[in-house]
Amino acid sequence: MRFKKPFFLTIALIALAQGCADNELTSVETLFVNGAIYTANQQQQLVSSLGLNKDKLTYLGDAEGARNIIDEHTEIIDLEGKMIIPGLHDVHIHLPGIVESNNCDLAGKPYSLADLVPRLKQCIARLNLPKGSWLAVEQWGYAQGNEPSANFPTLRSALDAASLEHPIILLGDDGHHGAVNSFAMNLATDKNGVKVGLNTETLANEFSDMKSLIGVDRHGEPSGVLNEDARKIVNLPNLWGYPEVDFEVYQKIAVRLAASGITSAMDAALRIHEIDNFAKWAKKQPLTYRLTAAFYPEFEDYRPTLDAPIEISALLADLKSTQERHKEINNFKIDTAKVFVDGVIEGDPYAYPPMLPNAAVLDHYRQPIFTITDDNTLEVMDYVDTNSRACVTVQEKGIANLTSIFTQNFYAENGFLASQCIQSKGVLEKEYSFIKGYTKALFEAGVNVHSHAIGDRAVRLALDTFDAAKRASPNSEANVSIAHAQLIHPDDISRIAQLEVFMAFTYSWIEPFDEYQMMVSPFIDKVFNENDLFNPDGYVYQNTYPTASVKKAGGILVSGSDAPVETRDPRPLLNIEKAVTRKNDVTGRVYNPDERLSVADVLDAYTINGAKMLNQAEITGSLELGKKADFVILNQNLLTLEAEGRSDEISDTQILSTWFDGKKIYSKPQP
Ligand SMILES: [Zn+2]
């Protein structure tokens with residue numbers, strides 16, 4: 001007999017075993033004692049001892065209570081005060097991108113345009129690129145650096161200096177921004193696939209509908225900047241810059257997740273062949289994390305003709321057959337689809353005129369006139385009054401219809417460009433009828449909807465689509481979630497709670513960097529310098545990532561790193577820290593302290609709430625009897641750090657080991 005116990009307990013165990021016929025749940029193979037164990041279970045939030053048997057948790061409590069259920073076979077591990085938390089759920093990540101790359105990789109570091117040139121030349125030499133073949137530069141930090149100079153006034157000029165013999169594209173580390181050289185511009189094709197090149201003339205004609213996504217210089221020439229769908233016109237073979245998921249990449253993804261304490265992940269946007277690849281390798285080597293794939297095929301392929309609507313029924317048919325193909329694979333499901341509502345909320349202050357952000361916002365973007373001070377910081381000199389009589393004239397004529405004489409005279413008279421009279425509330429990624437129709441169809445089919453929404457108008461529209469979907473299919477078991485939600489109008493906070501939307505924030509992005517914020521705030525608030533960014537009356541300041549307000553209203557917080565956006569590292573501990581502090585440790589500035597969260601709130605977001613969103617809270621997400629033994633051991637107690645006012649040390653925490661299905665899948669290397 002395996003148990004050596006006092007008589008009365010044996011009786012109790014027999015009774016229990018008869019009741020549930022599950023003997024495995026009453027024995028403990030490994031017992032951790034003396035820990036600070038955060039369970040994410042409301043009923044029993046903190047315990048000091050945890051026991052497991054095979055893949056399940058079989059004991060939670062204190063060491064005293066455990067004494068009765070262990071025997072001489074039980075391995076006892078003294079945690080010496082270290083912390084255990086449930087396995088982390090990263091519900092918005094792009095897995096193929098988290099693997100380090102051997103290509104030209106800028107790792108999100110800031111380069112001035114002058115410094116960028118030798119860096120790219122180096123890449124071309126190291127990769128031994130034949131003439132005419134693409135240099136696709138990964139992890140370009142579009143939001144930092146890129147300062148122009150007299151020699152390199154535009155990105156295009158810098159990329160041309162790097163090479164005139166290779167097409168070059170910088171792939172922004174956010175998956176939305178891009179920039180190309182002249183060689184690449186010459187490869188641009190129109191809607192029919194005819195090579196017409198990108199220049200002032202084709203910009204006014206073939207590419208006129210993409211004007212807001214294509215940067216121009218002082219002379220109206222394309223400056224190299226190509227954002228969002230405009231990046232597609234130059235026909236780069238692999239726009240995302242992510243590698244194919246071969247077996248090596250598959251294995252490296254698992255290693256990185258385990259080292260990050262992540263035992264469940266949702267890849268936020270996988271194409272069908274990528275899903276097939278994951279499935280193929282998962283048959284060869286079982287997953288060591290619970291993988292949810294969000295279905296995201298190339299929507300444009302689903303238009304029967306160029307101007308026809310996207311065929312939603314065909315999308316759903318492909319989703320269903322993909323689900324069907326892979327339904328037998330352990331720890332792998334495809335029950336979610338990604339919907340893009342809008343783009344991104346950073347403008348480009350260095351473009352002339354400054355490029356407006358394209359995220360969908362409720363009010364027109366402002367038109368700042370930037371200047372660079374002697375110490376190389378960006379300031380706003382003035383704002384264009386887009387309601388002035390001069391601007392109204394331009395708006396009435398239509399920007400596209402202005403003659404060059406008119407624009408020259410306009411500049412002479414007003415001191416700013418006629419094109420700065422544009423009023424824009426950003427753009428939607430696809431026509432709204434598609435966004436809404438697809439959301440409703442997915443929800444009706446029982447597929448979870450994961451919507452990318454950044455601007456306050458996009459968030460509102462996402463909520464509208466969820467509302468419509470829920471009204472149309474009240475019995476659907478699908479859930480809805482929003483990724484990013486950078487700017488939320490206060491009126492929409494209560495709707496987030498009412499519609500039970502899982503809010504996937506990337507908490508490290510709350511940390512305020514002046515340089516970054518100058519790409520956002522001046523287009524929305526009247527901001528002249530870096531001090532103004534922290535004006536407590538600012539709309540952006542008040543409503544950026546309003547995490548505590550969402551939580552207070554009853555909304556459900558979850559967590560997504562969005563890696564490799566900004567960095568390939570999913571950095572969960574930095575995410576936790578910034579959700580709690582909202583502070584830049586170098587400047588000491590806090591971005592809207594009212595929206596700070598507690599450590600427990602963020603841990604819940606990262607664990608039990610994530611499991612609820614991924615429909616697996618029955619088996620994981622919290623440390624409870626009978627659930628899977630998915631957990632992480634940390635070298636220090638995050639709750640103590642918080643209690644002692646040392647929350648800004650959370651990101652120094654080390655992950656000592658990660659356990660999945662009761663097995664240790666990662667152990668921190670000994671120094
Ligand atoms: Zn993403």
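Domain bounds in these legends come from an automatic or database domain assignment. The model is predicted, so that local features need pLDDT of at least 70 and side-chain atom pairs count only at pLDDT 80 or more, while totals for chains, interfaces and linings use all residues. Residues are numbered from 1 along each chain as its sequence is written, and side-chain values use heavy atoms, with hydrogens and water left out.

**View 1. Domains of the protein chain.** The chain is divided into domain 1 (7-86 + 639-667), domain 2 (100-234) and domain 3 (368-421). Between the C-alpha centres of domain 1 and domain 2 the separation is 53 Å.

View 2. Strands (DSSP runs of E, at least two residues, numbered from the N terminus) pair if DSSP finds at least two bridges between them.

**View 3. The pairing of S24 with S25.** Strand S24 (residues 655-660) runs antiparallel to S25 and is joined to it by four bridges. Within this pair, Ser 657 stands opposite Ser 667 in S25.

**View 4. The largest cavity.** A cavity is a set of points, on a 1 Å grid over the protein atoms alone, where a 1.4 Å probe fits but cannot get out, and its lining residues have an atom within 4 Å of a point. One cavity of 30 Å³ or more is found in the whole structure, and the largest has a volume of about 40 Å³, a volume being the space filled by probe spheres set on the points. Its lining includes Tyr 296, Phe 299 and Glu 429.

Notes. On a 1 Å grid over the protein atoms alone, a cavity is a set of points where a 1.4 Å probe fits but cannot get out, and a pocket is an open set with protein on both sides within 12 Å along at least five of seven lines; lining residues have an atom within 4 Å of a point.
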